[in-house]
Amino acid sequence: MSGPDDPGIVSCTVQAFLPEATRIDYPNVVMGRPGRRLEGKVAVVTGGGSGIGKATAELFAAEGAKVVVADVSEAAGVQVAGSIVETGGEAVAIAADVSDSRELDAACDAAVESFGGLNVMFNNAGIFPADDGGVLDTPEATWDRVMEINLKGVWLGCRAAIPRMEASGGGAIVNVASFVALVGAATAQVAYTASKGGVLALTREVAVEYARRRIRVNAICPGPIETPLLAELLANPARRERRLVHIPMGRFGRGEEIARAVLFLASDESSFMTGSALVVDGGITAAYVTPE
Ligand SMILES: NC(=O)c1ccc[n+]([C@@H]2O[C@H](COP(=O)([O-])OP(=O)(O)OC[C@H]3O[C@@H](n4cnc5c(N)ncnc54)[C@H](O)[C@@H]3O)[C@@H](O)[C@H]2O)c1
């Protein structure tokens, strides 16, 4: 049962808020109630053992999803899945390196075998090596490794998820890009930036290819978020301040603040969105001069 009589569903008619003359045949807007926004869905979260992935896996589970926590660090994945189960949610952990297609296939198979299908794929795993620098000094091996994980890993994640999502009646893919896919930085990190630009282009292409096949594909562009990924960089006061001055809100973001935006893209609340890049960056990409 769904609709206004179902206590789990909040529904309202858009037309009720429009002047009579402008009313057209809008469908009702049906929104899940907080705490049940992913009820009945099965999600895979790559890089779910830390930072943004951990916060998202926990929020997905709190909103009713059954979650596969896939991480190259088995211990981190087990810890996150375990804490979800301890707090009454449903989750399993699987060790998976996103640069290996067989391991991503196994992670998506775990969703089907453990929970009966796959509806949400969060391609989140990524790296930010310390020796990724300017165009002249970044080692080729670093460039290759960053592309393998940050860009190829997203393609492989889409490739593993799509057939299983189609067999489950459709789904939503969310890919992690970054604000650096939209603006350049003099504090260069060429491989990372190029990989994230590639994620945006890939997201658009897959979104359009599958737009009529019940699969939505969107990207998220986080600003700088205080996670282990940036811990070393942000521990240095000068490097921290060099970045902070460019953030209009005057602070770094938190993993949970990205997780909430990912939840929106993963849930049916974003049902008419595909191929989009949702920017969650404290205002960085909107700014020229920031407040004193
Ligand atoms: N933290 C930020 O400021 C920021 C900003 C924009 C985008 N991002 C992106 O968000 C994503 C998550 O970053 P985070 O800040 O949470 O980082 P994090 O380092 O806290 O977590 C990343 C997780 O990914 C896992 N991982 C690394 N390589 C993997 C691989 N090959 N296969 C599977 N798992 C792997 C790690 O074990 C870790 O658990 C990354 O794609 C990152 O580029 C982060």
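Biologist: What stands opposite phenylalanine 122?

Modeller: Valine 174, in strand S7, stands opposite phenylalanine 122. Strand S6 (residues 120-123) and strand S7 (residues 171-176) pair in the parallel sense over four bridges. Strands pair if DSSP finds at least two bridges between them. Strands (E, at least two residues) and helices (H or I, at least four) are DSSP runs, numbered from the N terminus.

Biologist: How far can one rely on the numbering and the local detail?

Modeller: Residues are numbered from 1 along each chain as its sequence is written. The model is predicted, so local features need pLDDT of at least 70 and side-chain atom pairs count only at pLDDT 80 or more, while totals for chains, interfaces and linings use all residues.

Biologist: What is the strand order in the open sheet?

Modeller: The open sheet has seven strands in the order S5-S4-S3-S6-S7-S8-S9, with parallel pairing. Strand S5 (90-95) and strand S9 (277-280) are its edges, each pairing on one side only. From one strand to the next, the twist averages 20°.

Biologist: Which strands does helix H2 touch?

Modeller: Helix H2 (residues 74-86) packs on the sheet against strand S4 (66-71) and S5, and its direction makes about 175° with that of S5. Helix H5 (residues 190-209) also packs on the sheet, touching S7, strand S8 (215-222) and S9, at about 160° to the direction of S8. Axes are lines fitted to C-alpha atoms, for helices over the stretch in contact, and angles run from 0 to 180 degrees between N-to-C directions.

Biologist: At what angle do H4 and H5 pack?

Modeller: Helix H4 (residues 140-167) and H5 pack at about 20°, with their axes 9 Å apart. They are therefore roughly parallel to each other; that label covers angles under 35 degrees, with over 145 roughly antiparallel, 65 to 115 roughly perpendicular and the rest oblique. The contact (C-beta atoms, placed from the backbone, within 7 Å) includes Trp143 and Trp155 of H4 and Tyr192 and Lys196 of H5.

Biologist: And H1 with H8, at what angle do they pack?

Modeller: H1 and helix H8 (residues 255-266) pack at about 55°, with axes 8 Å apart. H1 and H8 are therefore oblique to each other. Among the residues that meet are Leu59 and Phe60 in H1 and Val262 and Leu263 in H8.

Biologist: Turning to the ligand, how many residues surround it?

Modeller: There are 30 residues around the ligand, and the closest are Gly47, Ser50, Gly51, Gly126 and Leu229. A residue is near if its C-beta atom, placed from the backbone, lies within 6 Å.

Biologist: Which helix gives the most to that shell?

Modeller: Helix H1 (residues 51-62) gives the most, with three residues.

Note on methods: Contact = placed C-beta atoms within 7 Å.
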